[in-house]
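Please take a moment to look over the sequence and the model before reading on. The paragraphs below walk through the structure step by step.

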Amino acid sequence: MLTQDQKYALGFCISKATTEVSKQIRSLREEWDVVCGEGAVSYEDSADRETFCARIREDLRRAEARMAGLVKMEVDLRNGFDGTCTCGEDIGFDRLCIQPTAHLCVPCETRKERAELCRKKKDGFHFIPAYNN
């Protein structure tokens, strides 16, 4: 369970991360406008442009998802989130500072990720995890 000081520190971590992600989103949108938007710089090879635009689109999607997670955690923190996982275990202050969008402890997150990997494998995706536990 988080102390009041830890909640304050976590709020600061979230604020800092939100600022960084906002800058990243702004930069990606500017890059999109220059490369992929109307009046964009023309490429000799349209396949190169499409590949680059796809990368920007994916980076932007990830950054926006991260921002949504940060906003959710900020709201949850204001509404009484105490750093406890759904299983009842503490998530851990250090984990929350490193990953401020974490709502699960490491064992629960690992189980969730493994279940997703199994689902993807079942759907035809093949991914070999970097761990052997």
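In which helix does alanine 54 lie? Alanine 54 belongs to helix H2, which covers residues 46-78, where helices are DSSP runs of H or I with at least four residues, strands are runs of E with at least two, and both are numbered from the N terminus. The model is a predicted one, in which local features need pLDDT of at least 70 and side-chain atom pairs count only at pLDDT 80 or more, while totals for chains, interfaces and linings use all residues. Residues are numbered from 1 along each chain as its sequence is written, and side-chain values use heavy atoms, with hydrogens and water left out.

With that in mind, we can look at the whole chain. Its secondary structure consists of four helices and zero strands, and from the N terminus on the elements follow the order α-α-α-α. The chain has 133 residues, of which 25% count as buried; here buried means under 20% relative accessible area, exposed means over 50%, and partly exposed means in between, with a 1.4 Å probe and protein chains only. The accessible surface of the chain comes to about 9500 Å², and 53% of that surface belongs to carbon and sulfur atoms, the areas coming from the Shrake-Rupley method with a 1.4 Å probe, where for residues only the protein chains shown count as cover. If we take the contacts (heavy atoms within 4.5 Å) between residues at least 6 apart in sequence, 50% of them join residues at least 24 apart.

Let us return to alanine 54, which counts as partly exposed because its relative accessibility is 35%. The C-alpha atom of alanine 54 is separated by 9.9 Å from that of tryptophan 32, although the two residues are 22 residues apart along the chain.

Next come the cysteines. A disulfide is a pair of cysteine sulfur atoms within 2.5 Å, and by this rule the count comes to one disulfide. Cysteine 36 and cysteine 53 form it, with their sulfur atoms 2.0 Å apart. This pair links distant parts of the chain, since cysteine 36 sits in the loop between helix H1 (4-35) and H2, whereas cysteine 53 sits in helix H2, 17 residues apart. The torsion about the S-S bond of cysteine 36 and cysteine 53 is about -110°, and therefore the disulfide is left-handed. Cysteine 36 is buried because its relative accessible area is 13%, and cysteine 53 is buried because its relative accessibility is 4%.

Cysteine 108 is in no disulfide, and its nearest cysteine sulfur, that of cysteine 105, is 3.6 Å away.

We now turn to charged side chains. A salt bridge is a side-chain nitrogen of Lys or Arg within 4 Å of a carboxyl oxygen of Asp or Glu, and a search of the whole structure finds seven salt bridges. One of them joins the side chains of arginine 29 and glutamate 64, at 2.7 Å from N to O. Arginine 29 lies in helix H1 and glutamate 64 in helix H2, so this pair ties together parts that are 35 residues apart in sequence. Arginine 29 counts as partly exposed at 44% relative accessibility, and glutamate 64 is partly exposed as well, with a relative accessible area of 33%.

Glutamate 74 is partly exposed at 32% relative accessibility, while arginine 78 is exposed, with a relative accessible area of 62%.

Finally, consider glutamate 109, which is found in helix H4 (residues 106-122). Glutamate 109 is buried yet has no salt bridge, and the nearest side chain of opposite charge, arginine 95, is 4.1 Å away, where Lys and Arg count as positive and Asp and Glu as negative, while His and the chain ends are not counted. Leaving aside residues up to four places away in sequence, glutamate 109 touches Arg95 and Leu104.
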